[in-house]
Amino acid sequence: MRMRPTLSWTPTEDVSPGTTDLGPLADALSTGDVLVLSGAGISTESGIPDYRGEGGSLSRHTPMTYQDFTSSSQARRRYWARSHLGWRTFGRARPNAGHRAVTAFGREGMLSGVITQNVDGLHQAAGSEAVVELHGSLDRVVCLTCDSFSLRRELARRLEEANPGFRPVAAAINPDGDADLTDEQVGDFHVVPCSVCGGILKPDVVFFGETVPPRRVEQCRELVREAASLLVLGSSLTVMSGLRFVRQAAQDGKPVLIVNRDVTRGDRHAVTRIALPLGTALATVAGRLGVPVEEGGAAGPV
């Protein structure tokens, strides 16, 4: 499955403004076997911006594509300089009320699984188990030559040693962990090679234009088949990699519920779209259902 570099989506038909009625969400969770599909919007309350919401990063930032990364050493230098700086902030993010509520619902046996489009590791930091990371995770690094994996914290250490004194101030941090830096700030940042074979290192995340591993896609399809309903949290569903699971659920006659303040590409397939802040909505439903939600949470991947 190929992630097409779709950066925007415009509704071609009238769409509902959404509702504030949490009843359908409470009913679905009470029934159980709810499959969660989360997007960048669930992490905004942790200080990580989304792509397309109000103030989203796409208004000022074009994500790295796989084609640019693999074909240009300058693009890789720019990416790793920005990502190295962003990692310092990104790794300190903590799960918010939305992540903790998802963990609580799972602990109570209301969920059949969690698929996340995010690469921040915050679902796991909140305590959710068996999370399928559709687009990978920033806390791992893969070599494009020998396919060996390593930890991001080890690469961060090597990049620190190779670039002493690299302390530019970023204008902003993006959902992919990339920091906004000018070419002057990037300068002659030194990129380190794979410590095994000397090949090109890449974060173990799916860039725009890259293929999601087929086995991972099939795993998600199986989760949709096994679920009673699909709950989308904080995703515009602009990218087909997430939208296809919404379409699959709808075609199978399974209710699709969306919690997202803005319209989404999947609204036409949903029985409801709840236009409320995620943390507020999920915490309120947890209270109604008598589900205890723990406070605090560990930091994200570091």
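1. A charge counts as sitting over a ring if NZ of Lys or CZ of Arg is within 6 Å of the ring centre and within 35 degrees of the ring normal. In this predicted model, lysine 202 meets that condition: it lies over the face of phenylalanine 207, at 4.7 Å from the ring centre.

2. Phenylalanine 207 also belongs to an aromatic cluster, whose other members are Phe69, Tyr79 and Trp80. The protein has five aromatic pairs, counting rings of Phe, Tyr and Trp with centres within 6.5 Å. In one of these, the ring centres of phenylalanine 69 and tyrosine 79 are 5.7 Å apart and the planes stand at 85°, so the pair is edge-to-face. The pair links distant parts of the chain, ten residues apart: phenylalanine 69 is in helix 2 (residues 66-71) and tyrosine 79 in helix 3 (residues 73-90). Are these two residues, phenylalanine 69 and tyrosine 79, buried or exposed? Both are buried.

3. On the overall make-up, the protein has ten helices and nine strands. Of its 302 residues, 55% are buried. The accessible surface comes to about 13,200 Å², and carbon and sulfur atoms account for 48% of that area. Among contacts between residues at least 6 apart in sequence, 76% join residues at least 24 apart.

4. Strands of a sheet pair through backbone hydrogen bonds, in either the parallel or the antiparallel sense.

5. Which residue of strand 8 is the bridge partner of valine 232? The partner is isoleucine 258.

6. Serine 43 is found in the loop between strand 1 and helix 2. The relative accessible area of serine 43 is 1%, which is under the 20% cut-off, so this residue counts as buried. Setting aside neighbours within four places in sequence, what is serine 43 in contact with? The contacts of serine 43 are Ile48, Asn96, His99, Asn118, Asp120 and Leu122.

7. A further open sheet has three strands in the order 5-4-6, with antiparallel pairing. Its edges are strand 5 (149-151) and strand 6 (201-205); each has a single partner strand, so one side of each lacks a neighbour in the sheet. Here the twist averages 40° from one strand to the next.

8. Strand 4 (residues 136-143) and strand 5 pair in the antiparallel sense over three bridges. Valine 142 stands opposite phenylalanine 149 in strand 5.

Key:
Residues numbered from 1 in each chain as written. Predicted model: local features only at pLDDT ≥ 70, side-chain atom pairs only at ≥ 80, totals over all residues. Heavy atoms only, no water. Phe/Tyr/Trp six-rings, centres within 6.5 Å; stacked < 30°, edge-to-face > 60°. Helix = DSSP H or I, 4+ residues; strand = E, 2+ residues; numbered from the N terminus. Buried < 20%, exposed > 50% of the residue type's maximum accessible area, 1.4 Å probe, protein only. Contact = heavy atoms within 4.5 Å. Areas by Shrake-Rupley, 256 points an atom, 1.4 Å probe, with all protein chains shown as cover. Pairing = 2+ DSSP bridges. Axes fitted to C-alpha atoms, helices over the stretch in contact; angles between N-to-C directions.
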